[in-house]
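Here is a short report for a reader who is new to this structure. Please look at the sequence and the model first.

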Amino acid sequence: HMRYKQVKRGIFLARPNRFIAHVEVDGSMEVVHVKNTGRCRELLIPGARIYVQRRRGEGRKTPYALVAVEKGERLINMDSQAPNAVWAEALAGGMWVPGFGEAREFRREAMFGTSRLDFQASPAGRGVGYMEIKGVTLEEEGIARFPDAPTVRGERHLRELIRAAEQGLPAAAGFVIQMEGVRR
């Protein structure tokens with residue numbers, strides 16, 4: 001199961017660009033990597049409680065990555081890599097996806113047309129199929145919404161899925177709601 005280690009609580013201060021944020025951790029200001037390039041305007045507001053994970057490895061420009069934020073009583077995962085990891089775990093555990101039958105062989109990051117889609121599957125007797133997985137971080141009054149901002153890349157991926165379906169291939173868009181407590 002996907003688990004975060006070496007997590008610390010902090011306070012969001014500012015987001016100078018899509019990739020970094022200024023946060024307060026352990027009483028000092030840190031520049032952290034933001035693992036979600038979406039707008040997240042309703043989440044990343046000055047004073048919001050956030051959670052960062054210590055980053056490992058050579059060449060890291062920032063010591064932490066922002067992985068979650070509190071919005072009221074709700075904890076929202078901000079890691080844009082988490083949905084694919086969760087989806088892969090679910091597929092490995094036998095999750096059934098409509099249109100994919102008994103497919104049990106999945107490959108991540110598969111090319112279709114001009115896009116790299118999240119998963120390629122081999123449903124029995126149906127050639128290959130494709131899945132695109134999207135993380136949902138926008139919630140309004142208990143309703144999960146997607147997307148939180150227009151995305152040319154996301155639109156291109158969905159158009160590629162439509163092309164796959166038009167060619168008779170299984171195609172699906174999956175949504176991973178990155179918080180608890182939504183009604184729909």
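## Ground rules

Contact means heavy atoms within 4.5 Å. The model is predicted: local features need pLDDT of at least 70, side-chain atom pairs count only at pLDDT 80 or more, and totals for chains, interfaces and linings use all residues. Residues are numbered from 1 along each chain as its sequence is written, and side-chain values use heavy atoms, with hydrogens and water left out.

## Around Glu 160

Glu 160 sits in helix α2, residues 152–166. Helices (H or I, at least four residues) and strands (E, at least two) are DSSP runs, numbered from the N terminus. Glu 160 has a relative accessible area of 6%, so it is buried. Buried means under 20% relative accessible area, exposed over 50%, and partly exposed in between (1.4 Å probe, protein chains only).

What does Glu 160 touch, not counting residues up to four places away in sequence? The list is Phe 112, Gly 113, Thr 114, Ser 115 and Leu 117. A polar atom of the Glu 160 side chain lies 2.9 Å from the backbone nitrogen of Thr 114. The Glu 160 side chain also makes a polar contact with the side chain of Arg 163, at 3.1 Å. A polar contact is a pair of N or O atoms within 3.5 Å; within protein, one must be able to donate a hydrogen and the other to accept it, and residues adjacent in sequence count only if both atoms are side-chain atoms.

## Aromatic pairs

Two aromatic pairs turn up in a search of the whole structure. Phe 112 and Tyr 130 form a tilted pair, 4.9 Å centre to centre with 50° between the planes. This pair links distant parts of the chain: Phe 112 is in strand β7 (residues 106–112) and Tyr 130 in strand β9 (residues 129–136), 18 residues apart. Both Phe 112 and Tyr 130 are buried.

Phe 146 and Phe 175 have ring centres 5.3 Å apart and planes at 65°, so this pair is edge-to-face. Phe 146 lies in the loop between β11 (143–145) and α2, and Phe 175 in strand β12 (residues 171–177), so the pair ties together parts 29 residues apart in sequence. Phe 146 is partly exposed at 35% relative accessibility. Phe 175 is partly exposed at 42%. Rings of Phe, Tyr and Trp (its six-membered ring) pair if their centres lie within 6.5 Å; planes under 30 degrees apart count as stacked, over 60 as edge-to-face and the rest as tilted.

## Who lines the pockets

A pocket's lining residues have an atom within 4 Å of a point; the pocket itself is an open set of points on a 1 Å grid over the protein atoms alone, where a 1.4 Å probe fits, with protein on both sides within 12 Å along at least five of seven lines. Of the 30 residues that line the largest pocket, Asn 36, Thr 37, Gly 38, Ser 80 and Arg 153 are the closest to its centre. Strand β9 gives the most to this lining, with five residues.

For the second largest pocket, 18 residues form the lining, and the closest to its centre are Tyr 4, Leu 75, Ile 76, Asn 77 and Gln 178. Here β6 gives the most, with four residues.

## Val 182

Val 182 is found in the segment after β12. Its relative accessible area is 23%, so Val 182 is partly exposed. Leaving aside neighbours within four places in sequence, Val 182 is in contact with Arg 74, Glu 139, Gly 142, Ala 144 and Ile 177. The C-alpha atoms of Val 182 and Arg 74 are separated by 9.6 Å, and the two residues are 108 residues apart along the chain.
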